[in-house]
Amino acid sequence: MVILATKFSRQFKSRQLKPNQLTKKALRGSFIILAASTLFACNQADTNVGTEAASLNSAQTQVSLNNTSADNLENPNQSATINAKAQYSDLLKNVSATVYKDVNCGCCKDWIEHAQNHGLTATSQHPKDLSLFKDRYGVPTEMRSCHTAVTTDGYVFEGHVPAKYVAQFLANPPAQAIGLAVPGMPVGSPGMEYQGQFAPYQIMQINKDGTNQVYADIESAEQQL
């Protein structure tokens with residue numbers, strides 16, 4: 001029994017770990033735990049970053065959609081204006097007119113340029129006495145302006161009438177009318193632009209019997225487009 005006990009004791013002692021071996025194993029375990037914790041933390045951080053990125057992308061997408069919606073709200077008006085301009089230009093492409101004006105009238109030249117930009121074909125004459133031509137074409141004294149445009153069809157457009165309304169009139173001329181007039185020279189009317197200023201004015205319809213009536217009230221510069 002003593003001999004057996006002694007052998008068992010020796011085997012037990014031989015299997016016991018030395019202090020250094022215990023320390024090494026403990027350190028290894030710690031490293032394994034630390035590595036696992038770090039890996040978990042990195043994965044967690046990546047998940048958080050991915051979630052934040054997804055949230056940011058979603059927010060940016062929403063802003064983009066909102067901006068697109070806002071653009072779509074504005075575009076119909078812009079498209080309508082562009083289409084209207086094209087329509088008026090098409091209507092005036094087959095229209096020719098002679099403009100009677102003073103040779104030195106700058107605003108008359110500007111109105112002619114405005115009309116030509118909208119499709120009208122215009123030539124100029126510079127008579128010494130403009131009133132003779134205004135009388136000839138039936139422009140009442142109170143309706144007169146600086147120039148008189150007369151189409152080949154005999155319709156009269158006195159003064160700074162916007163090309164838009166020239167086209168509108170010619171597309172469906174009233175039976176009793178000979179044309180349109182903008183009496184005087186309103187600031188901001190076509191050919192009378194000055195530093196962005198605008199004064200509301202009326203476009204008058206001139207009738208064959210010498211009377212006149214309001215054809216359109218122009219309240220803003222944009223309305224002329």
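This briefing walks through the fold, a handful of residues and the largest pocket of the chain. We're looking at a predicted model, where local features need pLDDT of at least 70, side-chain atom pairs count only at pLDDT 80 or more, and totals for chains, interfaces and linings use all residues. Residues are numbered from 1 along each chain as its sequence is written, and side-chain values use heavy atoms, with hydrogens and water left out.

**Overall fold**

- The chain has 5 helices and 7 strands; helices (H or I, at least four residues) and strands (E, at least two) are DSSP runs, numbered from the N terminus.
- Reading from the N terminus, the elements go α-α-β-α-β-α-β-β-α-β-β-β.
- Of the 225 residues, 30% count as buried, where buried means under 20% relative accessible area, exposed over 50% and partly exposed in between (1.4 Å probe, protein chains only).
- Take the contacts (heavy atoms within 4.5 Å) between residues at least 6 apart in sequence: 56% of them join residues at least 24 apart.
- The accessible surface of the chain is about 14500 Å², and 55% of that belongs to carbon and sulfur atoms; areas come from the Shrake-Rupley method with a 1.4 Å probe, and for residues only the protein chains shown count as cover.

**Buried residues in helices and a strand**

- Lys134 sits in helix α4 (residues 130-136), and it counts as buried because its relative accessibility is 4%.
- The side chain of Lys134 gets to the backbone oxygen of Ser145 at 3.3 Å, a polar contact (a pair of N or O atoms within 3.5 Å; within protein, one must be able to donate a hydrogen and the other to accept it, and residues adjacent in sequence count only if both atoms are side-chain atoms).
- Setting aside neighbours within four places in sequence, Lys134 is in contact with Val139, Arg144, Ser145, Cys146, His147, Thr148 and Glu158.
- Ala115 belongs to helix α3 (residues 106-117) and is buried, at a relative accessible area of 2%.
- Beyond residues up to four places away in sequence, Ala115 touches Leu120 and Ala163; its C-alpha atom is 8.9 Å from that of Val166, 51 residues apart along the chain.
- Thr151, in strand β3 (residues 148-151), is buried too, with a relative accessible area of 8%.

**The loop between β5 and β6**

- Gln195 is in the loop between β5 (177-182) and β6 (201-207), and it is exposed, with a relative accessible area of 65%.
- Phi of Gln195 is near 50 degrees, a positive value in a residue other than glycine.
- For background, most residues other than glycine have a negative phi.
- Pro200 is found in the loop between β5 and β6 as well and is exposed, at 54% relative accessible area.
- Leaving out neighbours within four places in sequence, Pro200 contacts Ile218 and Glu219, and the C-alpha atoms of Pro200 and Ala221 are 8.3 Å apart.

**Largest pocket**

- The largest pocket holds about 220 Å³ of space.
- It is lined by 14 residues, and the closest to its centre are Gly188, Glu193, Ala221, Gln224 and Leu225.
- By class, that lining has 5 nonpolar, 6 polar and 3 charged residues; Ala, Val, Leu, Ile, Met, Phe, Trp, Tyr, Cys and Pro count as nonpolar, Asp, Glu, Lys and Arg as charged, and the others, Gly among them, as polar.
- A pocket here is an open set of points on a 1 Å grid over the protein atoms alone, where a 1.4 Å probe fits, with protein on both sides within 12 Å along at least five of seven lines; lining residues have an atom within 4 Å of a point.
- Grid points are joined across faces, edges and corners, and the volume is the space filled by probe spheres set on the points.
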